[in-house]
Amino acid sequence: MYSFMGGGLFCAIVGNILLVVSTATDYWMQYRLSGSFAHQGLWRYCMSGKCYMQTDSIAYWNATRAFMILSAMSCFAGIIAGILSFAHFSTFERFNRSFAAGIMFFVSTLFVLLAMAIYTGVTVNFLGKRFGDWRFSWSYILGWVALLMTFFAGIFYMCAYRMHECRRVAGHVKVNRK
């Protein structure tokens with residue numbers, strides 16, 4: 001059980017770091033504009049060595065930003081619940097912290113999936129046609145890796161929960177037989 005929780009916690013911490021780095025950096029997309037290379041993130045775009053804030057309130061950027069922030073926040077909440085799940089005492093008899101952590105990691109996975117799907121769809125269908133020579137860059141790739149890490153953190157914590165429940169039920173059956 002502790003191995004699953006440790007693996008889940010490792011995946012979650014790495015995933016949360018990747019979410020924050022991906023959200024904050026300016027390399028979601030690289031393209032050539034007027035003969036020079038440019039790149040953009042969720043907050044800024046850079047051309048010819050100068051960076052500018054994304055002042056346009058475009059719905060897909062706002063949605064991607066919001067879902068990435070929500071994903072990082074729910075992943076952080078899952079990390080807190082995951083750390084607390086190492087403690088055996090619980091003030092609530094029917095509340096299991098490893099289950100709560102697993103759910104939070106799956107919620108984080110859902111949010112990052114929505115963010116990446118929105119950004120990918122708009123970029124491929126709109127921006128990709130606008131800029132002839134373009135590609136997704138490392139900040140974007142980190143978002144997809146963060147999705148995998150949060151998903152596996154959820155899987156690990158659900159496995160830990162199942163092991164805990166199986167032991168609890170088996171212990172309950174032994175006590176009733178005596």
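V21 is part of helix α1, where helices (H or I, at least four residues) are DSSP runs numbered from the N terminus. The model is predicted, so local features need pLDDT of at least 70 and side-chain atom pairs count only at pLDDT 80 or more, while totals for chains, interfaces and linings use all residues. Residues are numbered from 1 along each chain as its sequence is written, and side-chain values use heavy atoms, with hydrogens and water left out.

With a relative accessible area of 32%, V21 is partly exposed, the class between buried (under 20%) and exposed (over 50%), with a 1.4 Å probe and protein chains only. Helix α1 (residues 2-24) supplies the largest share of the patch, three residues.

Turning to the cysteines, one disulfide is counted, the term meaning a pair of cysteine sulfur atoms within 2.5 Å. This bond links C46 and C51, whose sulfur atoms lie 2.0 Å apart. The disulfide is right-handed because the torsion about its S-S bond is about 105°. Of its two partners, C46 is buried at 3% relative accessibility, whereas C51 is partly exposed at 37%. Two further cysteines are buried: C11, at 9% relative accessibility, and C75, at 0%.

Technical notes:
Helix = DSSP H or I, 4+ residues; strand = E, 2+ residues; numbered from the N terminus.
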